[in-house]
Structures are given as C-alpha cells and as structure tokens.
Amino acid sequence: MAKTQYNADSITVLEGLEAVRKRPGMYIGGVGTKGLNHLIYEIVDNAVDEHLAGFCNEVWVSLEADGSCTVRDSGRGIPVEMHKKGVSAARVVLSTLHAGGKFDNDAYKTSGGLHGVGSSVVNALSARMDIKIYKNGYIHHDGYERGVPVISLEKGLLPTLGRTKETGTQINFLPDGEIFEKTRFKADWLKSRLHETAYLNPGLTIYYANRRAGEEEEIIFHEPEGIVAYVKELNNGKNSVHEPIYFKSEIDKIEVEVAIQFVDTFEENILGFCNNIFTQEGGTHLVGFKTRFTQLINTYAKELGILKEKDPNFTGADTRNGMTAIVAVKHPDPIFEGQTKTKLASADATKAVFSISGDFLQHYFDRNLEVLKSVIACAEKSAKIRKAEEKAKTNMLTKSRFSFDSNGKLANCESREAEKCEIFIVEGDSAGGSAKTARNRQYQAILPIRGKILNVEKASMDKVLANAEIKTMINAFGCGFSEGYGNDFDISRLRYHKIILMTDADVDGSHIDTLLLTFLYRFMPELIYNGHVFIAMPPLYKVIPSRGQEQYLYDDKELERYRKSHTGDFRLQRYKGLGEMDPDQLWETTLDPERRVLKRVEIEDARMASEVTEMLMGSEVPPRRKFIYDHADEAEIDA
Ligand code: TTJ
C-alpha cells in the first residue's frame, strides 16, 4: 500500500472491497467450489457483455498450471482514461464495489443473482490479480493483491508495458486460499458453462484451455446454430419426434428466442434464460410460454377432433410431455426474485413471450400438420399416464397422511429445530441398525431403506410413488412435493435441514443414490437448489499399524499416499459396505459432524440440471477436524 498515493475516494474504495472479503458469500453465493467457479463466470460475463455490445467475437479462458485463471477478450478494452475520481477508469472499475464495468451504453443489464456483481468482487477475493488492457496502441498494466493495488499510477494513469496493435482486456487472477475452502477450479463445470455460453451467443467463439499438469486440454466452443443446437444436444441419444422449431422476435424492447423439440420420453425439459442468465427457478417468461402453448394445443386438439367437446382439456404438463425447449429472453431491465435470485419476475416478459410464441406457433402448426399431430400424440400419452399417477398419488396421500411412518422404520430425532436436524437415508437394514444405535438421537434421524426395492432403474414415477420408503421420506421431510400437476411443496415445513444419503461405496450404492437424487430432483428440486441434500462419504479402508495410530482412509489415493509415507508394518481392513462397521466405527467415520466427510449435492448449470445423471455433482463439505479436512481436500471422491 505504501507505494501508491491515495485520495479520499480510493480509501472508501478499499473499504468497499473489505466488505466483500468479510462476507464473500453475500457476493458470490458461497466459498465452496461453486462460489470459486463463479469468479471465472463473473469475469467471462464482462467479455460476453462486450460481445453483446457488438465489439468482441472471441474470448479465451485458461486454467493455468499455477492454479490461476486467465480470461482474455478481443473487445475494446476497459476504458483507461482519467475518471472523475482522479484515477484511471480501469482502476475504478476493478476496485470499486458495484462499478463492475457496467457503463451506461449497455443494452442489457445482467443483474440477476450472483451475476453482475462486478470484477471488483473477484479482485477482492483473489490473492493476486493482473490486468493488461490492449488499447490505443499500448498495453496498459494494473495489478492487485487481495484487492489492494500494487502498481503505482503515473499522474493517476496506468503504466504501460509497451506498444500493441491489438485491442482487448486480459485478466489473470489467483483465488485467495484465505477465503475459499478449496482453490482448485472445477474444470468440468467450467467447460459446461462455457459451452452453454457458446450456445446462447452463436456469434461468439470461446477458446478454452486447461494447462494444469496431467489434465492438459484445449477446446473451442463455437455454436453457430445457437439454441437450436443446444436443444439437439439436450436430446442427444433420445428419439426426437420432429425437427426443432425455432423462432425469434421482439416486442416492446423485449427479445424472445425459442427452440423446441419433442422426444418420445416422459420428461419435460424447459430451460429459461434472461440476458444469458439461466433462470433456475423459472419465472414469468416460462409462464407466458407454457400458458400460450397449452392453449394452442387444446384449441388444435378440439379443432382436429382429437379431443371431443365434452372431454376435459389436456393439462399444461400433458402438452409439454416429451418437450425439450429453450426460452431465452433479453430484457432491458429485468427483475429477479426467489431464494437464489434466479426467478424472472418481470411481468412484461409474460406478455411478450405469450404473444410472440402464440403468433409464431399458430402460423407454424397451420403449415406443419404432421408435427402438430405428433406433438398432440405426446399429450395424449401423458394424459393416460397422468390418470394412473393421479390414482397412485391419491392412494398414497390418503393412506399415509394418518400414518407418519407406515412401516415403522424411521427412527426420528427428538429435536424439532429443523436447522439442527439431520436425516440419514441409509442403505440396508444392518447399517440402518448400527446407525440407529450410533447416532446422536437428539438431532439425527435414521431411515433405513432396502436397496433391492429401489434398485429398479428407471422405474416409472407412479411406481416410485408407490414405494414404501419413498412415501416415508415424503412424510418425514414434511414439506410435501411437487410434480407436473399441482404443487404441494413448501420448503418452510422441512423438518431436517440436512438430508444425507448414506449408501455403500459400490455400484449398487451409487444406483440407489442416483434413484434417490432423481426422485428428489423431480419432486423436491428446491431441496437441492437450497443445498439441503448431502452424500455421506464413509471410509474405504482402515489401516492398523503395528506401531502408531489407527487411521481411516477415504479413497484409493489416500491409501497410496499412506503406503508411501508409512514406514513399518500395518494391517489393512477394507470396508465393502456400511454393514461391516460396528456402531462405534460408523459414528466415528460417518455420523459424527466433527469427523465425517459430506458431499453437498449441487446443480451447476442448466445443462446439468437437464440430465439427472450428469447434473448431480458434489462438492465436499469438510468436517471441522483439521486432519481429515486436509485429506478431504485432496480426496478424489467425485465419482
Ligand atoms: C465499455 O464501454 C466503453 C469501452 O469499453 C467497454 C468495456 O468495458 N469493455 C470491456 C470490458 N471489454 N472487456 C471487458 C472486460 C473483459 C474482461 C476479460 C474482464 C473485465 C473485467 C472486463
């Protein structure tokens, strides 16, 4: 700090960033891997904004060998001239909270949720940040450590590193280990996100490079077909019923772009975006689209005589049976709400999407009768199944409303303070028995499930609902569920803030995880969005040295390390399943909040949310105890 001169403004500037460091979660959503990756997205969004403004068609994103990330664009470069605060505008952008490069000529503000918080937040949370701005024939240079400038200004302006003919902005930053639990960016999430960005911006080319030792890779993301290609990719491997339908138009400054393609499965997969932001919680744009689509299909079905006058209409869910769609709007001043600020609330978006979709689709279906008929056939198929499911659901509700736990397996906890309560869904009666003995009965509830019953992959949902354990879970959680028709879900009634899946570390175990997560994602997605769902990580091995301390090891990498570092004899015990542990061991390794390792289930982006098996990626929640924290940190436990 000593090198630079500060005026009053730059002092308040630094205080602004201090607030970010004090409460990082408020700005990037959390200090886990998700928040960490958000640093990159925040910077990339600036480059994409420059693309949207019409000045940049290329972005480079690299994960560097030293753990840092570099983002470069071919835009105009952040303005470097003197700002009214008495320093270079670039320095104001990078070190003032909420000045994140959003200048008044922006057509669309990206102000949803975690977005648009500005590059200054990334700066504040980076151990170091280096900036090169290629502009006006020079390379302008700036640099920071934990948000504090380390480059001296010359009469308030940035020093230059030499001349250039190029224009653009390059930022290199290293996340701060004092802030983040882990500082290793998740490459898979980043690639998926960049691919999504490419689909949403067909004129943009993104050059991705991973230069980290052992995972070197280069990919070019360029999707000139845009959201049509996105829909095709989402439907990849499924039987499509027709070629994608695409339209794009604008009303009252709101741009609406839609791609639709039906497949012959029973899923509905509609992804909404506003100003390139994935609206995880949906919102008004989707309401407009769905409402108009349902109306249209019912009108056509009656016109064609497929529905008779006296027949009830198809429900909305019926008309979207098998639908994959992207609804992307651009709004000049969007309002976002919801738990994670990813629900579009702007009422005018409903009107715009309703009207544009109605006009286009009517015109389209009038001329493509075959497509229309196959879409209506999907709705008929759904209506049939819906009736069966409705029956299953009423049966279930009437039976179980009065019996909290119909088969008496749930060992509930004593406390009614939901924030402190946990429920373990445990594979197998024997592990369930041990867990019941071992648990802290004040706060930990145990629900054993029998693997075999659940291990019917791709069971239809009415079968799933008929499953005794699933019924018990719905009743135990206390918040109801939502699916297709009706929405009985109320997260405020949730009885356990941690729902922990505890299955064996084998193929059967991960099948059960997948089925349970599929169930949770379809019927109670908010539980996942709000971070209530976890996967327990029981150890794979116990080493018993002839001299020294016994130790639990959580994966093969740890075992390898142990073999290398340990001198002398040791006995190795391998746990094939939870059932092999006695209650004390189970408590020590898997139940005790002080020592266990949990993986939080997170949904990273729209593409992952659309594909259940792909979407469920965990990030570890390390226990407080330091030594296991260190192991958990390096453990390769992402299946
Ligand atoms: C704003 O309007 C005047 C000309 O410069 C515009 C601008 O801010 N452009 C801009 C910012 N282009 N690229 C950025 C940018 C790129 C990266 C990679 C990171 C950051 C923080 C900004």
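Two strands are taken to pair if DSSP finds at least two bridges between them, and the exercises below apply this to a predicted model.

**Exercise 1.** Describe the open sheet of three strands, and explain which of its strands stand at the edges.

*Solution.* Begin with the strand order, which is β24-β23-β25, the pairing being antiparallel. The edge positions belong to β24 (551-553) and β25 (570-574), each of which has a single partner strand, so one side of each is left without a neighbour in the sheet. From one strand to the next, the twist averages 25°. Turning to an individual pair, β23 (residues 541-545) is joined to β24 by three bridges in the antiparallel sense, and Lys-542 has Tyr-552 of β24 standing opposite. Finally, consider the helix on this sheet: α18 (residues 556-565) lies across β23, β24 and β25, and runs at about 15° to β23.

**Exercise 2.** Work out the arrangement of the five-stranded open sheet, and determine which helix packs on it.

*Solution.* The order of the strands is β10-β11-β14-β12-β13, and their pairing is mixed. At the edges stand β10 (245-251) and β13 (277-278); because each has a single partner strand, one side of each is left without a neighbour in the sheet. The next step is to look at the pair formed by β13 and β12 (residues 269-274), which run antiparallel and are joined by two bridges. Within this pair, Phe-273 has Phe-278 in β13 as its bridge partner. The helix that packs on the sheet is α7 (residues 227-234), which touches β10, β11 (254-262), β12 and β14 (323-330), and whose direction makes about 30° with that of β11.

**Exercise 3.** Classify the packing of α15 and α16 as roughly parallel, roughly perpendicular, roughly antiparallel or oblique, and characterise the residues in their contact.

*Solution.* First take the geometry: helix α15 (residues 468-477) and helix α16 (residues 507-523) pack at an angle of about 50°, and their axes are 12 Å apart. Angles under 35 degrees count as roughly parallel and those from 65 to 115 as roughly perpendicular, and α15 and α16 are therefore oblique to each other. The handedness is a separate matter, and the crossing of these two helices is right-handed. Next, identify the residues that meet: α15 contributes Ile-470, Met-473, Ile-474 and Phe-477, while α16 contributes Leu-516, Phe-519 and Leu-520.

Technical notes:
Residues are numbered from 1 along each chain as its sequence is written. This is a predicted model: local features need pLDDT of at least 70, side-chain atom pairs count only at pLDDT 80 or more; totals for chains, interfaces and linings use all residues. Side-chain values use heavy atoms; hydrogens and water are left out. Helices (H or I, at least four residues) and strands (E, at least two) are DSSP runs, numbered from the N terminus. Contact means heavy atoms within 4.5 Å. Axes are lines fitted to C-alpha atoms, for helices over the stretch in contact, and angles run from 0 to 180 degrees between N-to-C directions. Angles under 35 degrees count as roughly parallel, over 145 as roughly antiparallel, 65 to 115 as roughly perpendicular and the rest as oblique. A crossing is left-handed if the near helix is turned anticlockwise from the far one by less than a right angle, and right-handed if clockwise.
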